[in-house]
Amino acid sequence: SAIRVVPTTPFEGQKPGTSGLRKKVTVFRTPRYLENFVQAIFDSVPGRQGATMVLGGDGRFHNTAAIQTILRMAAANGIARVLVGQNGLLSTPGASCVIRARQAWGGIILSASHNPGGPDGDFGIKFNPSNGGPAPERITDAIYERTQTIGEYCILDTPEVDLSVLGETDVDGMVVEVIDLVADYAALMETLFDFDAIRALFQGGFRMCFDAMHAVTGPYATEILENRLGAAKGSVINGVPLDDFGEGHPDPNLVHAHDLVAALFGDDAPDMGAASDGDGDRNMILGRRFYVTPSDSLAVLTLNATHAPGYARGIAGVARSMPTSRAADRAAETLGIPCFETPTGWKFFGTLLDAGKATLCGEESFGTGSDHVREKDGLWAVLFWLNLVAATGKTVEELVRDLWRQCGRIYYTRHDYEDLPSGQADTLMADLRASLSGLFGTVQGGRMVMLADDFAYTDPVDGSTAAKQGVRVLFEDGARIVYRLSGTGTAGATLRVYIERPEDDPARQDLETQAALADLIATADALAGIQARTGRDSPTVIT
Ligand code: VG1
Ligand code: CO
């Protein structure tokens with residue numbers, strides 16, 4: 001059929017945030033809304049003519065409808081081949097893997113990650129170029145600029161492609177190839193980890209529970225953990241992807257992964273627990289009645305990396321986002337390798353990974369990954385932990401306690417205040433920023449302030465800069481408070497407050513985290529006037 005050139009006008013606010021464009025499903029269903037953004041991608045990223053593109057999503061409501069639209073637009077815009085995950089599914093790290101393995105021009109991933117789904121939930125779209133990673137800011141800025149001037153988009157009127165059947169379909173000269181979503185990814189995992197050792201671990205009676213939270217990792221985890229590694233059937237729970245995540249909140253933390261927490265903290269708990277988020281890039285690791293903070297997880301993987309075949313030659317460096325605890329810095333120091341500090345969001349790790357400066361990366365928000373793909377990777381982290389348990393004979397808890405003994409423990413918590421009025425949150429941050437210059441050298445809650453600034457970053461590889469990435473207050477004893485506003489929400493504003501302090505005395509490394517940080521939590525409130533300004537007497541979520 002003939003290409004249709006459809007006149008359109010710009011929508012306000014199509015600016016990608018920390019990880020792509022996220023809005024309510026209702027917004028994405030506005031006529032021309034998705035089309036405008038997709039055309040802006042095609043217009044802004046060179047090289048699409050005759051190219052191969054990857055397409056898939058986390059399976060949330062509107063996923064397949066959006067995929068059918070994008071296929072018609074891809075055909076009208078000169079794409080030669082689109083690789084789509086079966087049933088329209090691809091995890092974020094899975095998509096990154098396929099983009100790299102098949103040397104694609106790039107990929108479009110449909111996801112709002114851990115945000116709730118369903119007709120009244122959230123939807124999202126992001127573009128990853130040929131390295132498989134989140135588009136860097138120069139690309140997202142170009143896409144955003146294009147959305148502000150767009151006057152038309154191109155589409156074909158072709159029938160829907162059956163996404164349930166593997167194989168190729170012709171769409172007006174463009175090939176749509178429906179691919180097995182797990183195959184390339186599982187093959188990559190087998191090159192990184194000692195599958196024989198993990199298989200032997202399970203054969204020896206090791207039990208685990210993996211909570212896929214009715215999101216995209218279900219098929220990946222079932223194939224890899226149960227089918228290939230021999231974990232007992234039923235080790236994967238909530239393994240069937242649902243378009244509303246079973247009305248859940250697919251965020252792998254102690255609050256939202258309640259089924260998993262009940263199993264790991266109950267009677268007859270398995271040896272290890274893990275969960276992943278909507279699009280499969282986050283992970284939470286639990287030992288038996290033991291919670292691993294994501295920041296500690298990154299440090300443990302760093303310290304023990306050489307136990308995994310894929311990292312046996314050693315790691316070049318590690319990178320963490322600024323609000324992530326300094327446990328990774330200590331692990332890196334122990335190994336004599338560099339540790340990089342970047343702004344929040346995986347897109348800032350891309351240059352370090354591409355340049356071979358960082359091998360492992362992590363964020364406090366349950367994100368860990370490496371140079372095997374260019375996204376954080378939930379299941380990869382789970383396999384890494386399994387490999388460490390198998391190789392060392394230690395439990396999850398023992399591996400973390402080894403870290404604390406060697407590098408000290410860093411007590412760490414994040415307090416989120418969700419759905420604040422935007423104006424109120426902006427004023428809070430503005431006032432906090434204005435107070436920074438007077439803080440140095442003062443004593444706050446019994447601690448002397450050694451540094452108070454707004455984090456700014458210059459990329460050591462390409463020299464690009466990012467300003468206003470979060471307010472940080474560092475104290476003389478190594479304690480730290482960080483404040484920033486979320487860039488992934490779709491309603492109101494979310495204030496995130498990150499609080500940590502090191503404890504090097506082994507006799508005092510066993511406190512309950514909130515109690516261990518109580519005085520700093522009070523200081524964090526006092527410095528920003530959180531309760532007084534918001535009227536909230538407690539955070540919405542504590543991780
Ligand atoms: C949050 C996390 C950040 C993470 C981002 C995307 O961003 O804090 O560390 O990279 O989500 O993760 P923000 O701006 O809301 O704090 V995902 O799994 O939602 O793609
Ligand atoms: Co995610």
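## Surroundings of Ala 299

In this predicted model, Ala 299 makes contacts beyond its neighbours within four places in sequence: its partners are Ala 327, Ala 328, Arg 330, Ala 331, Leu 403 and Cys 407. Ala 299 belongs to helix 10, which covers residues 294–304.

Is Ala 299 buried or exposed? The count of other C-beta atoms within 10 Å of Ala 299 is 32, and a residue is classed as buried at 20 or more, so Ala 299 is buried.

## The chain as a whole

The chain contains 18 helices and 27 strands. Along the principal axes, its C-alpha atoms fill a box of roughly 75 × 60 × 40 Å. The radius of gyration is 23 Å, which agrees with the value near 24 Å that a compact globule of 543 residues would have.

Of the 543 residues, 54% are buried. Taking contacts between residues at least 6 apart in sequence, 74% link residues that are at least 24 apart.

## Annotated domain segments

An unreviewed UniProt entry places the feature "domain: Alpha-D-phosphohexomutase alpha/beta/alpha" at residues 14–152, 184–286 and 295–406.

Residues 14–152 are 37% helix and 24% strand, with end C-alpha atoms 16 Å apart. For residues 184–286 the corresponding values are 37% helix and 15% strand, and the end C-alpha atoms are 27 Å apart.

Seven strands form an open sheet in the order 20-21-24-25-26-19-27, and their pairing is antiparallel. Strand 20 (443–444) and strand 27 (541–542) are the edge strands, each pairing on one side only. In general, the strands of a sheet pair through backbone hydrogen bonds, in either a parallel or an antiparallel manner.

Within this sheet, strand 24 (residues 471–475) and strand 25 (residues 480–485) run antiparallel and are joined by four bridges. Which residue of strand 25 is the bridge partner of Leu 474? That partner is Arg 480.

## The shell around ligand 1

Ligand 1 has 18 residues around it, and those that come nearest are Thr 18, Ser 113, Ser 486, Gly 487 and Thr 488. How many residues of each class make up this shell? There are 12 polar residues, five charged residues and one nonpolar residue.

Note on methods: Residues numbered from 1 in each chain as written. Chains lettered and ligands numbered in written order. Predicted model: local features only at pLDDT ≥ 70, side-chain atom pairs only at ≥ 80, totals over all residues. UniProt positions renumbered as here; feature names shortened; annotations may be inferred. Helix = DSSP H or I, 4+ residues; strand = E, 2+ residues; numbered from the N terminus. Pairing = 2+ DSSP bridges. Near = placed C-beta within 6 Å. Nonpolar A, V, L, I, M, F, W, Y, C, P; charged D, E, K, R; others polar. Rg over C-alpha atoms; globule rule 2.2 N^0.38 Å. Buried ≥ 20, exposed ≤ 12 C-beta atoms within 10 Å, placed from the backbone. Contact = placed C-beta atoms within 7 Å.
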